[in-house]
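Biologist: I would like to go through this model one feature at a time. Please give the general idea, then the case at hand.

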Amino acid sequence: MADTRIEEQEAAGHPARPHGGRHPSPKEYIRIAVILAAITAAEVVVYYVEGVQEFLVPILFLFSALKFALVVLWFMHLKFDSKTYARFFVLGLAGALTLYLVVLLTFRVWS
Amino acid sequence: MATLAQPAEHAATDHADTSTGLPNAKLAIWLFLASDCLLFGALISTYVLYRNASAVGPFPSDVFDIPYTSVSSFVLLASSLTMVLALAALQRGDVARSRVWLLATAMLGMTFVGGQVYEFTVFVEEGLSLSTNMFGTSFYVLTGFHGAHVTVGVIMLLTLVALSFGGRITPERSETVELVGLYWHFVDIVWIAIFTIVYLIPTNPPAAGA
């Protein structure tokens, strides 16, 4: 199976890596960076638009989550590497989110 | 030393030297990043908790300059691109180009840190110090920790460039660059969260009589 994947990678123009899946090509990286820049620009625009202030927080969180996912999946290669790395990271992330929610709920930040 | 049966997902990631089939250094950096998530989770929670708890100003809306911080965000995002281009160049065997991209990443990182130092200086001139109010304390601790992480990243990048000139960063040892890259991208995703939560999400106005 490993050999087949490596052959597929080489056929697709991506160099085979000794201990990791296919990494994106420079063109893919640039495409992701352009999308990230566009989302950041959209975040700033939305911040100044009067009509969407009611939904500003969920929109900003959505944009932020999109950017986060793009960097983690493509630039940090979690989409392509072993799932073990993803499990470690998701564990830490889940811990951080739990900590965040527990602290804010304990101190009734939303009340 | 493939003695243990491995799940199918590890099949393409065999690493001869470890029992997991994965490089230990890469597992270690992912564990470190997971623990760093908790650190920044605590710092961001603290900021959200205290940003509206100040009895005296300046308040966030008095000092934040969104266009300026947006440019800083673009700089850090651009540095993530140059970082992955450095790794891709090294994996292709183009050491010289990899060195250029690494240097570009370090320069962008230094630009970001310089921008943060300038921002802090302006805030202090406007009367917001570490001990002025709860907002100031939680803001400086959170963004200061992030800035310290970026500074450590810049030092690692410049070390990689120096090692590269000494012939110690080769395509066969691209994992070293990949590990520093993972740290660098982590710093970027932390900033993605900080930019939204600290700068863009509006704060409640101070209570009357506070």
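Biologist: In which hand does H5(B) pass H6(B), left-handed or right-handed?

Modeller: A crossing is left-handed if the near helix is turned anticlockwise from the far one by less than a right angle, and right-handed if clockwise. H5(B) crosses H6(B) in the left-handed sense. Helices (H or I, at least four residues) and strands (E, at least two) are DSSP runs, numbered from the N terminus. This is a predicted model, in which local features need pLDDT of at least 70 and side-chain atom pairs count only at pLDDT 80 or more, while totals for chains, interfaces and linings use all residues. Residues are numbered from 1 along each chain as its sequence is written, and chains are lettered from A and ligands numbered from 1 in the order in which they are written.

Biologist: At what angle do the axes of H5 and H6 of chain B cross?

Modeller: Axes are lines fitted to C-alpha atoms, for helices over the stretch in contact, with angles from 0 to 180 degrees between N-to-C directions. Angles under 35 degrees count as roughly parallel, over 145 as roughly antiparallel, 65 to 115 as roughly perpendicular and the rest as oblique. For helix H5 (residues 134-165) and helix H6 (residues 174-200) of chain B, the axes come within 10 Å and cross at roughly 155 degrees. H5(B) is therefore roughly antiparallel to H6(B).

Biologist: Which residues meet there?

Modeller: Two residues are in contact if their C-beta atoms, placed from the backbone, lie within 7 Å. On H5(B) they include B:Phe139, B:His146 and B:Leu160; on H6(B), B:Trp184, B:Trp191 and B:Val198 are among them. The contact divides into 15 nonpolar, 4 polar and no charged residues. Here Ala, Val, Leu, Ile, Met, Phe, Trp, Tyr, Cys and Pro count as nonpolar, Asp, Glu, Lys and Arg as charged, and the others, Gly among them, as polar.

Biologist: How many residues does each chain give to the contact between chains A and B?

Modeller: Chain A gives 48 residues and chain B gives 46. In chain A, H1 (2-11), H2 (26-48), H3 (56-75) and H4 (83-106) each supply at least two residues of the side touching chain B. H4(A) has the largest share of that side, with 15 residues. By class, the side of chain A touching chain B holds 32 nonpolar, 10 polar and 6 charged residues.

Biologist: What is the phi of A:His77?

Modeller: Most residues other than glycine have a negative phi, and most peptide bonds are trans. A:His77 has a positive phi, near 65 degrees, and sits in the loop between H3 and H4 of chain A. A residue is buried if 20 or more other C-beta atoms lie within 10 Å of its own, exposed if 12 or fewer, and partly exposed in between, with C-beta atoms placed from the backbone. A:His77 counts as buried because it has 23 such neighbours inside 10 Å.

Biologist: Where is the cis peptide bond?

Modeller: The cis bond joins B:Gly57 and B:Pro58, with omega about 0 degrees. B:Pro58 lies in the loop between helix H1 (24-50) and helix H2 (60-63) of chain B.

Biologist: What is the mean pLDDT of chain B?

Modeller: pLDDT is the predictor's confidence in each residue, from 0 to 100. Chain B has a mean of 89, with 89% of its residues at 70 or more. In residues 1-14 of chain B the pLDDT is below 50, although this stretch has 25 contacts in the model beyond near neighbours in sequence. Where pLDDT is low, the predicted coordinates should not be read in detail.
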